[in-house]
Amino acid sequence: MEVVGDGMIARAFVNSQPVPDDVVVFAAGVSRSTTTEATEFRREADLLHQVIGRARRRRLLYFSTASAHLYGNGGGSPCSEEDPVRPTTAYGRHKVEMEKVIRASGVDHLILRVTEVVGPHQRRHQLLPALFSQVKDGAVTVYRGARRDLVDVADLVSIAAELLSGDLRHATVNVASGHPVTAEEIISYLTELSGRAVTKVYVDIPANDYNVSTKRMAQHAPSTARMGFSPTYYRRVIDRYYRS
């Protein structure tokens, strides 16, 4: 196994060594989903082309996004891998293009569209570290209308390994708990764990009812039925990394 990248997801694969030797794990995307910098997108694109060039006789594991950046704000029903994508940001459009590059290359690949991954070694600007820092400081901004589907990076690694061990080829799979929660719920639980009094500043944004289908994931990675995905799964994820 070759791992490209040095962030949270890359480190999780390096530390667990769960996938076959012939897999190249590409975990070197842009640092922020909010970025609009062309140089950031070009860096990832150039690196991806290099990796594809040396992965011709191997399999490529690529991490895309299952967020509203790619699927849009939702229409009430879960978005499947077969549904048209409706990217709403530069980041979402970039991920669509990277997926197209991989498919057009002919390289054997597995594209995982993941939701909000949580784990150790996250950068401070990412969702959970940023919210936890605000809670500790006693003042937090709550974006009413925002929803996130949290996934433990350890579960992501296990799911990826199971999918890679199966018969999927040239495939795209959503990886999510299937239970998105509001920003208010996440912040309230972080506040409860901290035991601190917190001032909340509310910002209204357009309501987001997006959700993603996990049917393909469940079909090809049956162990997900034992991962505890439920409306309270997000609490278990937060407990693992933030209770202490």
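Visitor: Among contacts in the protein between residues at least 6 apart in sequence, what percentage join residues at least 24 apart?
Guide: This is a predicted model, in which local features need pLDDT of at least 70, side-chain atom pairs count only at pLDDT 80 or more, and totals for chains, interfaces and linings use all residues. Residues are numbered from 1 along each chain as its sequence is written, and side-chain values use heavy atoms, with hydrogens and water left out. A contact means heavy atoms within 4.5 Å. Of the contacts between residues at least 6 apart in sequence, the share joining residues at least 24 apart is 77%.

Visitor: What percentage of the 244 residues is buried?
Guide: Buried means under 20% relative accessible area, with a 1.4 Å probe and protein chains only. By that criterion, the buried share of the 244 residues is 49%.

Visitor: Which strands are included in what covers the buried residues of H4?
Guide: The buried residues of H4 include Tyr91, Met98 and Ile102. Strands are DSSP runs of E with at least two residues. The cover includes helices H2 (38–54) and H3 (68–71), together with strands S3 (59–65) and S4 (108–114).

Visitor: Which residue follows H4?
Guide: The residue after H4 has a positive phi, near 85 degrees. That residue is Gly106.

How values were computed:
Buried means under 20% relative accessible area, exposed over 50%, partly exposed in between (1.4 Å probe, protein chains only). Helices (H or I, at least four residues) and strands (E, at least two) are DSSP runs, numbered from the N terminus.
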